[in-house]
Amino acid sequence: MSRYALLATGGSGGHVFPAVALGRRLSNHGWRVDYMIDSRVQHMLAKAVPREAIKRIHAKSPSAGFGRFSAVFLLGWGFLGAFVRMVIRRPDVVVGFGSYASVPPLAAAVVLCVPIVLHEQNAISGRANRLFARFARAVAICYPKPQGLSSARWVVRTGSPVREGFVPTPYPQSTDPLRLVIFGGSQGAKVFSQVFPQAFHQLPERLRMRLSIHQQAAYKDIEKLERIYQDSGIHAEIVPFIHDMPEQLVRAHLVICRAGATTLCELAQVGRPALLVPYRYTLDGDQTANAAYLASLGCVWVLREEHLTATRAAKQLTQILSDRDDLARRAKIITSQSAQDALTHLYDVVQSCVAKQSHHADTTSNNKKTPVS
């Protein structure tokens with residue numbers, strides 16, 4: 001009889017994409033896999049997994065416009081739904097990838113004594129993973145010694161699986177033009193649409209004339225950005241969504257983006273240096289911590305959003321773009337941080353925890369059948 005895994009995820013692509021990668025690997029090895037998610041991120045799974053594998057739960061973050069009472073109610077309702085599903089068909093393991101959407105299935109797993117494995121993508125553990133770390137058979141991590149997991153019994157660094165298409169590639173030899181890729185979330189981010197275009201306008205002409213920019217922006221900002229770049233003499237392509245992200249990263253000399261876990265793993269996998277602007281409103285400051293760790297290794301630059309101005313960004317960009325050898329050097333460093341076998345390592349951790357549980361169950365059963373003299 002095939003094993004059965006529940007993958008609890010939601011919130012953002014940083015939680016969903018590693019879950020989808022693990023789910024595919026498990027399915028390829030004969031497991032049956034279901035996903036328990038917040039309905040708000042169902043679209044991320046729509047093309048990746050069978051519809052029947054998606055089990056929606058009502059578990060929205062209190063920070064997403066919900067009062068405390070509403071949040072508790074939704075989490076409680078999600079717990080009941082997860083509990084009933086697990087009673088009807090008991091999973092061999094529940095793997096949590098963080099976010100509030102993972103709380104109800106993980107709580108149900110604790111009550112029903114189902115083995116738990118957690119995956120933490122950030123340098124500071126999210127609140128959901130912190131809450132359940134003490135109950136987990138293993139916590140798979142991406143950064144060394146992430147904060148908040150001191151209660152975990154087994155912490156193993158696996159890295160984070162990335163989407164298909166992101167593979168190591170040599171850093172571009174030609175620096176004419178200098179290609180920049182800029183993105184900041186599926187709807188774009190104001191800091192990238194407002195501050196950086198003005199910063200590029202302030203660059204020395206010798207740099208402006210050599211730039212080629214591929215930027216993601218909200219629909220309402222596209223025409224304005226095209227006009228600003230045209231006035232600056234900069235070749236630019238502005239799109240509402242970057243569908244060919246692997247291809248764009250391969251061509252890039254520098255990436256300007258947020259510091260989300262999945263984004264950084266993909267940069268490391270391809271091997272491209274970045275200028276990071278961590279999102280400052282994350283609950284636990286995880287993006288700031290992610291960026292600080294990579295900056296300490298010398299493979300990225302960091303600009304804090306709360307202190308960011310066009311003049312400050314222009315000064316940093318002038319320094320970065322004027323030293324091509326440093327760009328190539330940092331590309332090598334970030335490549336060394338990629339986890340090429342992250343999916344295999346994570347799969348092995350899940351297998352190991354389930355195998356130990358099965359061995360323990362068999363031993364307990366045999367002890368009960370054998371009379372003690």
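This is a predicted model: local features need pLDDT of at least 70, side-chain atom pairs count only at pLDDT 80 or more; totals for chains, interfaces and linings use all residues.
Student: How many helices and strands does the protein chain have?

Tutor: There are 14 helices and 13 strands in the protein chain. Both are DSSP runs, numbered from the N terminus: helices are H or I with at least four residues, strands are E with at least two.

Student: What share of the residues counts as buried?

Tutor: Of the 373 residues of the protein chain, 53% do. Buried means under 20% relative accessible area, exposed means over 50%, and partly exposed lies in between (1.4 Å probe, protein chains only).

Student: Why is Asp-221 called buried?

Tutor: Its relative accessibility is 11%, and the limit for buried is under 20%, so Asp-221 falls in that class. Lys-220 has a relative accessible area of 66%, so this residue is exposed.

Student: What makes Lys-220 and Asp-221 a salt bridge?

Tutor: A salt bridge needs a side-chain nitrogen of Lys or Arg within 4 Å of a carboxyl oxygen of Asp or Glu. The closest N and O atoms of Lys-220 and Asp-221 are 3.5 Å apart, so the pair meets the rule. By this rule the count comes to 13 salt bridges.

Student: How do you know that Arg-130 and Asp-284 form one too?

Tutor: Their N to O distance is 2.7 Å, and the limit is 4 Å, so they qualify. The pair links distant parts of the chain: Arg-130 is in helix 5 (residues 127-132), while Asp-284 is in the loop between strand 12 (274-276) and helix 11 (286-297), 154 residues apart. Arg-127, Arg-130 and Asp-284 are linked in a network of salt bridges.

Student: What about Arg-210 and its partner Asp-176?

Tutor: The closest N and O atoms of Arg-210 and Asp-176 are 3.1 Å apart, so this is a salt bridge as well. Arg-210 sits in the loop between helix 7 and strand 9, and Asp-176 in the loop between strand 7 (155-157) and strand 8, 34 residues apart. Arg-210 has a relative accessible area of 16% and is therefore buried, whereas Asp-176 counts as exposed at 54%.

Student: Which residues of helix 8 are buried, and what covers them?

Tutor: Asp-221, Ile-222, Leu-225, Ile-228, Tyr-229 and Ser-232 are buried. Their cover includes helix 6 (190-201) and strand 9 (211-216).

Student: Why are the rings of Phe-132 and Phe-135 called tilted?

Tutor: Rings of Phe, Tyr and Trp (its six-membered ring) pair if their centres lie within 6.5 Å; planes under 30 degrees apart are stacked, over 60 edge-to-face and the rest tilted. A search of the whole structure finds 7 aromatic pairs. The rings of Phe-132 and Phe-135 have centres 6.4 Å apart and planes at 55 degrees, so the pair is tilted. Phe-132 is buried at 5% relative accessible area, and Phe-135 is partly exposed at 38%.

Student: What makes Phe-200 and Tyr-229 a tilted pair?

Tutor: Their ring centres are 6.1 Å apart and their planes lie at 50 degrees, so they are tilted. Phe-200 lies in helix 6 and Tyr-229 in helix 8, so the pair ties together parts that are 29 residues apart in sequence. Both Phe-200 and Tyr-229 are buried, and ring pairs link Phe-192, Phe-196, Phe-200 and Tyr-229 into a cluster.

Conventions: Residues are numbered from 1 along each chain as its sequence is written. Side-chain values use heavy atoms; hydrogens and water are left out. Contact means heavy atoms within 4.5 Å.
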